[in-house]
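My entries follow in the order I worked.

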Amino acid sequence: MPSNSLFMHLLDTFHQAMVRADIGKLEQLVDERYTLTHITGYLQPKQEWFDVITEHSFNYHEIDVLAESLQITVDGTQANCSGRGIFSATINSYHRPWRLAFSHQWCRVGDEWRLKYSRYTTF
């Protein structure tokens, strides 16, 4: 069974790629059918999310996860990682620190773990 430190590393790598707008790294981390549900409830497909990052409609500046909020559960080839953090971002020209709770669902594909779904809400 994978350790919590593996998912903490994957989460950190995912957030760093968001801040760097590194679509290549994000592509390596997410499943081909990845979707993200925003605080508005909008379910965004992977490529559309990548496009808004590339176009700089979404600019992530810094992501600080509250370590004490992290919860990781693993069940065979599925894992869930949830927590809270402060996401400093400019979304459609509106810059602010966003207080977000997140839930990420991971799946094992061969020897790798891929992110298949993310959901963000405010707290």
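**Entry 1: T122.** I set the cut-off first: a residue counts as exposed over 50% relative accessible area, and as buried under 20%. The model is predicted, and I kept that in mind throughout. Is T122 buried or exposed? T122 has a relative accessibility of 53%, so I logged it as exposed. I found T122 in strand 7, which covers residues 112-122. I then listed its contacts, skipping residues up to four places away in sequence: T122 touches I39, R99 and L100. I also checked P97, 25 residues from T122 along the chain. The C-alpha atoms of T122 and P97 are 11 Å apart.

**Entry 2: I53.** Next I went to helix 3, residues 46-54, where I53 sits. I53 has a relative accessible area of 0%, so I wrote it down as buried. Which residues does I53 contact, leaving aside neighbours within four places in sequence? I got A21, I23, L26, F58 and Y60. I23 and I53 are 30 residues apart along the chain, and their C-alpha atoms are separated by 8.2 Å.

**Entry 3: K46.** I stayed in helix 3 for K46. Is K46 buried or exposed? Its relative accessible area is 11%, and the limit for buried is under 20%, so K46 is buried. I noted its contacts, not counting residues up to four places away in sequence. K46 touches E27, V30, D31, E32 and Y34.

**Entry 4: H15.** I moved to helix 1 for H15. H15 is buried as well, because its relative accessible area is 5%. Beyond its neighbours within four places in sequence, H15 is in contact with I63, V65, F87, H104 and Y120.

**Entry 5: the core.** Which residues have the most contacts inside the largest nonpolar core? I found F14, M18 and W49, in a core of 32 residues. Helix 1, residues 4-20, gives the most to this core, with six residues. I then followed M18. Leaving aside neighbours within four places in sequence, M18 contacts L26, W49, Y60, I63, F87 and Y120. I63, F87 and Y120 were on my H15 list too.

**Entry 6: strand 5.** I turned to strand 5, residues 78-91. Why is strand 5 described as largely enclosed by the rest of the structure? I counted its buried residues: 10 of the 14 are buried, so the description holds.

I went through its partners one at a time.

- Strand 3, residues 58-65, pairs with strand 5 in the antiparallel sense over seven bridges. I picked out D64, whose bridge partner in strand 5 is I86.
- Strand 4, residues 71-75, runs antiparallel to strand 5, with five bridges joining them. Here D75 has Q78 as its bridge partner. The hairpin of strand 4 and strand 5 has two residues between the strands, and G76 takes a positive phi near 65 degrees.
- Strand 6, residues 94-109, is also antiparallel to strand 5, through 14 bridges. I saw G83 opposite F102 in strand 6. This hairpin has two residues between its strands, and N92 in the turn has a positive phi of about 50 degrees.

**Entry 7: strand 6 to strand 7.** I followed the sheet onward. How many bridges pair strand 6 with strand 7? I found 10, in the antiparallel sense. S103 stands opposite R119 in strand 7. Two residues lie between strand 6 and strand 7 in their hairpin, and G110 in the turn has a positive phi of about 65 degrees.

**Entry 8: the pocket.** Last, I looked up the largest pocket. It holds about 300 Å³ of space. I noted 17 lining residues, with H38, I39, F58, Y60 and I91 nearest the centre. Of these, F58 and Y60 were on my I53 contact list, and I39 was on the one for T122.

Which elements supply at least two lining residues each? Helix 3, strand 3, strand 5 and strand 6 do. Strand 5 has the largest share, with three residues. I sorted the lining by class: 13 residues are nonpolar, three are polar and one is charged.

Methods:
Residues numbered from 1 in each chain as written. Predicted model: local features only at pLDDT ≥ 70, side-chain atom pairs only at ≥ 80, totals over all residues. Heavy atoms only, no water. Helix = DSSP H or I, 4+ residues; strand = E, 2+ residues; numbered from the N terminus. Buried < 20%, exposed > 50% of the residue type's maximum accessible area, 1.4 Å probe, protein only. Contact = heavy atoms within 4.5 Å. Pairing = 2+ DSSP bridges. 1 Å grid on protein atoms, 1.4 Å probe; cavity = no way out; pocket = protein on both sides within 12 Å on 5 of 7 lines; lining within 4 Å. Points joined across faces, edges and corners; volume = space filled by probe spheres on them. Nonpolar A, V, L, I, M, F, W, Y, C, P; charged D, E, K, R; others polar. Core = buried A, V, L, I, M, F, W, Y, C linked by side-chain atoms within 4.5 Å.
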